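Here are a few notes to read alongside the model. Have a look at it, then go through the points in order.

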Amino acid sequence: MRKELKIGLFGFGCVGSGLYDVLNKSKLLNASIDKIVVKDPLKQRSLPEDQFYYDPNVILDDPEINVVVELIDDADAAFDIVTKAFKKGKHVVSANKKMIAEHLIELLTLKDEYGVSFLYEASSCASIPVIRNLEEYYNNDSLAGIEGICNGTTNYILTRLQNELKSFDEILKDAQDVGFAESDPTLDIDGFDSKYKLQILILHTFGLITQPEEVLNLGIRYIKQRDIQYAKEKGLRIKLVSFARRIDDKIVAYVAPQIVDDQNFAFEINYEFNGVSIEALFSDKQVFIGKGAGSHPTASAVLSDVSALQFDYKYEYKKFDECKAQMAKDAIVKVFVSTEQVDLLEKVDFIEVEEEFVAVDYAYKVGRLKLSQLSHTFYRENPELFISFYGDNDIELLSLREEFKESVTV
Ligand SMILES: NC(=O)c1ccc[n+]([C@@H]2O[C@H](COP(=O)([O-])OP(=O)(O)OC[C@H]3O[C@@H](n4cnc5c(N)ncnc54)[C@H](OP(=O)(O)O)[C@@H]3O)[C@@H](O)[C@H]2O)c1
């Protein structure tokens with residue numbers, strides 16, 4: 001039986017107004033938006049003014065409203081709204097990856113306590129239906145890894161940097177002008193947005209809850225045209241990749257630029273598109289590609305969650321209940337590190353170097369180092385260094401290498 005859904009909508013920006021459009025165009029749903037709460041009473045709206053409210057309690061205290069759709073751009077206010085909605089027994093749909101990634105345990109505990117459903121398909125790759133697939137389809141297939149281009153802004157910037165001779169700042173400005181980048185682009189270009197999405201994917205892939213500080217995020221802020229040139233000359237491309245792989249019962253995960261060849265799923269995913277590659281034990285790799293942002297594409301995933309609520313759908317988190325995996329303490333990864341301050345390269349602690357170039361004003365090394373060291377401020381916040389992972393993520397657990405060394409010594 002389809003349940004009647006009475007929606008209280010928070011936010012009427014890019015995604016909220018998109019949901020209003022797609023819901024009205026969809027005849028299949030037994031759902032209506034009853035009230036809309038926004039923030040700024042002075043803003044011009046595309047709907048009559050009397051349809052908008054500014055007090056969250058107008059929705060939260062309305063016993064007729066059984067679903068809250070939270071589509072606001074403030075993670076702290078969103079957490080407050082979502083937790084209050086749970087406590088009032090309302091189901092919640094959200095697209096807010098920052099809020100979800102920062103509060104995974106509290107949100108899951110609370111929604112269980114109040115017996116409500118919490119769906120968030122749009123939070124990870126907008127229009128790409130990856131979370132529901134991970135929950136339902138791949139449930140019995142042992143998953144080995146997941147990789148994604150989960151941020152349209154950085155993919156747009158990197159694609160244009162690779163196709164044009166413009167500088168990073170010029171392209172970032174263009175991206176802001178066409179609405180692909182926020183006025184404060186930090187969350188996107190420093191890899192935080194991709195990391196929050198990766199944390200959600202890790203939960204639904206391996207059943208593991210992670211804290212933001214457990215997952216390294218390196219961004220693209222310090223990329224130089226010469227780095228792009230290096231990749232181009234070898235027929236390679238640089239992409240910002242969210243990566244998680246299971247090795248035994250350890251999960252290695254990070255967000256970082258990655259130099260990929262044309263065999264990698266990410267190579268042909270360009271501009272604002274997103275893509276996710278899921279690697280399963282028996283089915284091998286499968287790739288989903290779609291729009292990772294935008295009003296109607298993102299709203300379509302929100303609509304799909306709303307539609308699922310008609311049939312009382314809930315994520316079951318079976319993998320979480322059975323999870324034995326833990327984050328790996330450390331791993332050895334292959335990276336490309338470049339700088340225009342040539343002396344600085346000596347301070348990078350490589351275990352092995354495979355390729356090296358030094359000129360007066362530009363130098364790079366390709367080699368292996370410990371993943372853990374990239375979390376140090378020296379690497380993360382040094383504008384003189386650009387760091388990219390290299391190749392098809394040829395990763396080794398540090399603990400396995402040490403065990404091997406010990407067995408050889410004995
Ligand atoms: N845009 C995308 O393509 C996309 C893709 C995937 C996920 N998301 C996620 O979707 C969510 C919404 O993004 P968006 O792009 O639609 O943002 P947006 O265009 O900036 O709109 C934000 C909306 O939230 C409202 N708002 C902010 N604080 C509020 C509060 N405390 N109470 C009530 N309303 C509040 C704003 O009200 P006013 O109108 O009064 O300012 C505005 O209507 C975010 O979590 C974002 O990460 C977006």
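1. Let's begin with the ligand's surroundings. The shell around the ligand splits into eleven nonpolar, five polar and six charged residues, where Ala, Val, Leu, Ile, Met, Phe, Trp, Tyr, Cys and Pro count as nonpolar, Asp, Glu, Lys and Arg as charged, and the others, Gly among them, as polar. There are 22 residues around the ligand, and those that come nearest are Val-15, Asp-40, Lys-43, Arg-45 and Gly-294 (near means a heavy atom within 4 Å).

2. A word on the source: this is a predicted model, with local features needing pLDDT of at least 70 and side-chain atom pairs counting only at pLDDT 80 or more, while totals for chains, interfaces and linings use all residues. Residues are numbered from 1 along each chain as its sequence is written, and side-chain values use heavy atoms, leaving out hydrogens and water.

3. Now the polar contacts (N or O pairs within 3.5 Å). Arg-45 puts a polar side-chain atom 2.7 Å from a ligand oxygen. From the backbone, a polar atom of Cys-14 is 2.8 Å from an oxygen of the ligand, and an N or O atom of Ile-72 is 3.1 Å from one. The protein covers 82% of the 900 Å² of accessible area that the ligand has on its own (Shrake-Rupley method, 1.4 Å probe).

4. On to the sheet. Six strands make an open, parallel sheet in the order 3-2-1-4-5-6 (strands are DSSP runs of E, at least two residues, and pair if DSSP finds at least two bridges). Strand 3 (52-53) and strand 6 (118-119) are the edges, each pairing on one side only.

5. Strand 4 (residues 67-70) pairs with strand 5 (residues 91-94) over four bridges, in the parallel sense. Val-68 has Val-92 of strand 5 as its bridge partner.

Methods
Polar contact = N/O pair within 3.5 Å; in protein donor to acceptor, adjacent residues only side chain to side chain.
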